[in-house]
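Please look over the sequence and the model before reading on. The report after them is meant for someone meeting this structure for the first time.

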Amino acid sequence: MIAIRELVKDYGPFRALHGVDLEVARGEAFGFIGPNGAGKSTAIRCLLDLLRPTSGSVEVLGTRDLAKHPAVRARIGYLPGELVMAGKQTARDHLTYLRELRGGAGSGRMEALAERFGLDLDRPFRGLSKGNKQKVGVVQAFMHEPELLILDEPTSGLDPLLQQEFLSLAREAREAGATLFISSHILSELEAVARRVAIIRAGRIVDVEDVAILRERAGQHLSLTFDAPLSAAAIDAFSAMPELEGLVISENALTAVLHGSPDRVLKEAARSTVTAWSAHDRNLEELFMERYREPDAADHDGRRR
Amino acid sequence: MSRRYPILAGVLRRRRRGLAIWAVALASVCGMYTSLFPYMSGMDIEAMTASLPQGMMEALGYDDISTAAGYVGSATYGLVALALLLVFAIGGGAATIAGPEERGELELELTSPLPRSAIYGQRLAALWIQITVLVAVVFAVTFTLNLLQELGIPQGDMVAATVQLWLLIGFFGSVSLALGAALGRRAGALGGAAALAVLSWMFNALGPLIGLDWLAMISPIGWYMDTNPMTRGFHGADALLLVVASGLTLAGGWWRFARRDLMT
Ligand SMILES: Nc1ncnc2c1ncn2[C@@H]1O[C@H](COP(=O)(O)OP(=O)(O)OP(=O)(O)O)[C@@H](O)[C@H]1O
Ligand SMILES: [Mg+2]
């Protein structure tokens, strides 16, 4: 559905993308995560032929040259990162206009979607709150039931309730067979829809991974409390376990991040008397933050696909 | 029309109120200037302007200001209608692509199933239609007053002046639109087209004064009016120059618009 190869994009002397490679299969829900200025919107605008690659290529819905085959965009729903519409017109005016540009597709769903998101179609765009403007964007992206949805930070500005509503709309689209390409700053928000995510930082793809694998890699916060300070032998045993990361033992308490099976840890702990324990999944954000910060993540990991 | 040319229909729908206001304003100002002529001819204009050097009088088109055609040509067609229509065309040209693109309003249109050529072409058509409406308003007002006040301006001359005015205004609108489409910047479009208009006026008005007649010959405003648009009749060669200049500018704007990054 989407194939980006060796995509380089310069803004004047500034290189925003340094050779991005990505592939999204039909029917896949794909997340595109990265901090501000990483190049998400730049890559997305290349996909839609707003920007022309400096080098490399993009292929969308089997077409390499959208300039020659613009009609292919009738099958794409696009939500811009920053939606701006002329202020005087109402949301209905804008949506009707977009429907005409798309050859009339989407008449039926406009009202239903607006109602679902509690959007008043008859107020001038100018007077709408940020969230309401975002709703107009969501409605126009979904109303013609496109095969491919390219959504640039779709939940920004939506309150938690509407974020949930958006996510369920996205899931419905996926179940109906649509392909989704969603950018976001926040990994956990995409967990509910995306199976696979790419992480982009400073114009380079740092990682492309299944959400489930990322989740495993994130590990669990583990804490154990014993009835007495641990023996030197026990401390040595715990310290030698590679599955425990960031191990801290103070007096009779132990905390660490556990990756993989807890078996060895539990067996060792059982030699002493455990008075309290807890283990909870680590927030994906925490892992994500590590990735962002690691200055040379791209060099360590290569550009894995 | 909104099926076949949705962008054209949409732009016209959004601009219709503004266009109506322009039409009323233009009709009032042109009507006022033209209807002043009988009072002006009552006064001794020749005496009033006698102190001006002959060259200056010719440059300003005041040498035959005592005749109706001379007056309407220099005051209405050569000054107020010209200036107002230039403001409309240059402003409207910049607001056709560069303005909404720069504000970010064009993003969903530019990512619609329509090709860039449809966006350029239909928006261009919308601008020319608006210009045509306003030029027609100027013509209608002048034509009516000519009859009502028995000014006796030959109707053929009036039609010729109007056609050439239309081509001139269309040219400046096209320059502003093409520059905006090429640059994606409203200020660049406005600045470029306005600078060209001012230079063009100065070349036509002042060139002959300082003995450089060829300056008037390369001036689009010169191609329109020479010294007086209402008395010169139809000049095929000058009209053709305006058409060709518009075509070349629009082709250049399209060449760049088709290739450049949008919305940056
Ligand atoms: N029109 C432009 N001219 C110059 N530089 C630009 C332009 N647009 C973006 N950039 C730069 O390119 C880089 C990537 O920007 P981009 O908008 O793609 O980031 P992003 O990942 O979408 O960020 P955000 O999460 O803030 O939306 C940034 O450093 C930005 O400053
Ligand atoms: Mg962005």
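The model is a predicted one, and the distances and areas below are computed from its atoms. Ligand 1 sits in the second largest pocket, and because residues from chains A and B surround ligand 1, the site is shared between chains. There are 14 residues around ligand 1, and those that come nearest are N36(A), K40(A), S41(A), T42(A) and H185(A). Sorted by class, the shell around ligand 1 holds five nonpolar residues, seven polar residues and two charged residues.

Two secondary-structure elements of chain A, β2 (14–24) and α1 (40–47), each supply at least two residues of this shell. It is α1(A) that gives the most to the shell around ligand 1, with a contribution of three residues.

| Residue | Part of the residue | Atom of ligand 1 | Distance |
|---|---|---|---|
| Y11(A) | side chain, N or O atom | nitrogen | 3.5 Å |
| G39(A) | backbone, polar atom | oxygen | 2.9 Å |
| E153(A) | side chain, polar atom | oxygen | 3.0 Å |

Turning from the site to the chain as a whole, the domain assignment of chain A gives two entries, domain 1 (2–215) and domain 2 (220–281). The C-alpha centres of domain 1 of chain A and domain 2 of chain A lie 44 Å apart.

Terms used:
Residues numbered from 1 in each chain as written. Chains lettered and ligands numbered in written order. Predicted model: local features only at pLDDT ≥ 70, side-chain atom pairs only at ≥ 80, totals over all residues. Heavy atoms only, no water. Near = heavy atom within 4 Å. Polar contact = N/O pair within 3.5 Å; in protein donor to acceptor, adjacent residues only side chain to side chain. 1 Å grid on protein atoms, 1.4 Å probe; cavity = no way out; pocket = protein on both sides within 12 Å on 5 of 7 lines; lining within 4 Å. Sits in = over half its atoms within 2 Å of the grid points. Helix = DSSP H or I, 4+ residues; strand = E, 2+ residues; numbered from the N terminus. Nonpolar A, V, L, I, M, F, W, Y, C, P; charged D, E, K, R; others polar. Domains from an automatic or database assignment.
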